[in-house]
Amino acid sequence: MERAYADDIITTHRDTDGTVLSCTTLPSCVATMLERLDVRPGHRVLEIGAGTGINAALLAHLAGPDGHVTTIDVLPDAADRARRHLVGAGYANVEVICGDGADGHLPGAPYDRIIVTAGAWDIPPAWTQQAAPDARMVIPLRIAGFTHEVTLHRGQQPGGPLWTSSHSRLSGFIKMRGDGHHGERDVPIVAGGQSELRVEADLTLDQAALVRATSGPPARRWTGVRTADLRLPGLEFWLARPGGLCRLINRRPGHGLAPATGQGGSLAVLHPTGDTFAYLTLGPAQDGDTKRELGVYAYGAHSDLLADQVAAQIQEWGAEQAPAATSIEIHPAEAPTPSLDEALLTVAKDHTQIVVRTSR
Ligand SMILES: C[S@@+](CC[C@H](N)C(=O)[O-])C[C@H]1O[C@@H](n2cnc3c(N)ncnc32)[C@H](O)[C@@H]1O
């Protein structure tokens, strides 16, 4: 009971190589997601990722006896256990389905609310087709290499976005498996393997050229942008403009690269040619000043160009009044792509096109 109510995750299933297949969601994260989802009595709710069933139980409380919850898990053992737990605890208004959540579950549609508790790379057509006209959806959605937990409202205008966000924040989730799966890979970029770039699996790069590049000196730029908030809210959207956004991970000391910005690694950008990358670094802490200057180090054949482009994006981000106040729109894949003057960022997915706008 102590573990169940602690603000920590509980892992229930691992693959033979140790990869986590299923776990609970962090309770504080569950609370925020449920607040954003705003389930009302009588609602029909679809959850993707049944896991232990605890979130489905909370959803069932919120939907009440006149509502209904359908929860899906791709892992047969997780679905079986969730079903047993929910029946054992007396929940009559929850149905547990074993299958690929990307297909939704047509017999339970239309859904007033959809909550996804695994990281999605795209929004499959079934979720939009099975959503009620004024539906809301909370989903951890990968946009340019980073997962954002977004609250989406169904679009009301013909020809307009399918979904528009009211909130978003960075988050981490187990990736969805099945048809919607898109992996990542860690590519060593320093001879000796102490540093890696974590990139989307389909990003093309020239690893040998990157390793050669890091043996030479970087192009360095200091941006004049000083910040005390090292979470750097929203900056990843600006940095995804000049190239493929990724993360630099320094695994062991002695990597020879400058100190990165965060413990989980540093935001990095891969030039479209795949042979040049840049990453963020921090200026030294000054006595009594909590602000640190953001800098850029770049390696590779186009290092000067990329360092200038990345520094310019950081300066644009720094000039925004509230850089985190971005809105995310989901359009059909075939919708016309807005120019980078109209939108901060556009990302093409298999089924949709994601458009990120600033509040400017
Ligand atoms: C973080 S856990 C969900 C936690 C769960 N909501 C709870 O209350 O315990 C993510 C779950 O998503 C499931 N999953 C991954 N890909 C899926 C897919 N394509 N369809 C349905 N479930 C999926 C995993 O098997 C895992 O159980």
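How many bridges join β9 to strand β17? In this predicted model, β9 and strand β17 (residues 326-332) are joined by 2 bridges and run antiparallel. Within this pairing, W163 stands opposite I330 in β17. Strand β9 (residues 163-170) also pairs with strand β8 (residues 146-154), again in the antiparallel sense, over 7 bridges. In that arrangement L152 is placed opposite S165 in β9.

The domain assignment divides the chain into domain 1 (2-180), domain 2 (184-319) and domain 3 (326-358). Between the C-alpha centres of domain 2 and domain 3 the separation is 24 Å. Contact between these two domains involves 5 residues of domain 2 and 5 residues of domain 3. On the domain 2 side, the touching residues comprise 3 nonpolar, 1 polar and 1 charged.

H13 is found opposite S22 in β2. The hairpin built from β1 and β2 has 5 residues between the strands, and G18 adopts a positive phi near 95° there. I9 lies in the loop between α1 (2-5) and β1. Beyond its neighbours within four places in sequence, I9 is in contact with C23, T24, T25 and L26. I9 counts as partly exposed because it has 16 C-beta neighbours inside 10 Å. The C-alpha atoms of I9 and E200 are 25 Å apart, with 191 residues separating the two along the chain.

The ligand is surrounded by 26 residues, of which S22, G49, G51, N55 and G101 are the closest. Elements contributing two or more residues to this shell are β2, α3 (54-63) and β4 (68-73). Strand β2 supplies the largest share, 3 residues. By class, the shell around the ligand consists of 12 nonpolar, 11 polar and 3 charged residues.

The loop between β5 (94-98) and β6 (111-116) contains G104. P110 is found in the loop between β5 and β6 as well. A cis peptide bond, with omega about 0°, joins A109 and P110. Contacts of G104, leaving aside its neighbours within four places in sequence, are made with L46, A109, A126, W127 and Q130. A109 therefore takes part both in the cis peptide bond and in the contacts of G104, and G104 counts as buried because 25 C-beta neighbours lie inside 10 Å. The C-alpha atoms of G104 and A348 are separated by 22 Å, and the two residues are 244 residues apart along the chain.

Positive phi values also occur in residues other than glycine, including D38, with phi near 55°, and L232, with phi of about 50°. Most residues other than glycine have a negative phi, and most peptide bonds are trans. D38 is located in the loop between α2 (27-37) and β3 (44-48), whereas L232 lies in the loop between β12 (219-227) and α7 (235-239). The surroundings of these residues are described by their C-beta neighbours. D38 has 13 such neighbours inside 10 Å and so counts as partly exposed. L232 has 22 other C-beta atoms within 10 Å and is therefore buried.

The largest nonpolar core comprises 85 residues, of which I114, M137, A268, V269, F277, A278 and V310 touch the most other members. Strand β7 (residues 131-143) provides the largest share of this core, 7 residues. In soluble globular proteins, nonpolar side chains tend to be buried together. Apart from its neighbours within four places in sequence, F277 is in contact with L197, L210, A268, V269, L270, H271, A298, Y299 and G300. Among these partners, A268 and V269 also belong to the core members that touch the most others.

Conventions
Residues numbered from 1 in each chain as written. Predicted model: local features only at pLDDT ≥ 70, side-chain atom pairs only at ≥ 80, totals over all residues. Pairing = 2+ DSSP bridges. Helix = DSSP H or I, 4+ residues; strand = E, 2+ residues; numbered from the N terminus. Near = placed C-beta within 6 Å. Nonpolar A, V, L, I, M, F, W, Y, C, P; charged D, E, K, R; others polar. Domains from an automatic or database assignment. Contact = placed C-beta atoms within 7 Å. Buried ≥ 20, exposed ≤ 12 C-beta atoms within 10 Å, placed from the backbone. Core = buried A, V, L, I, M, F, W, Y, C linked by C-beta atoms within 7 Å.
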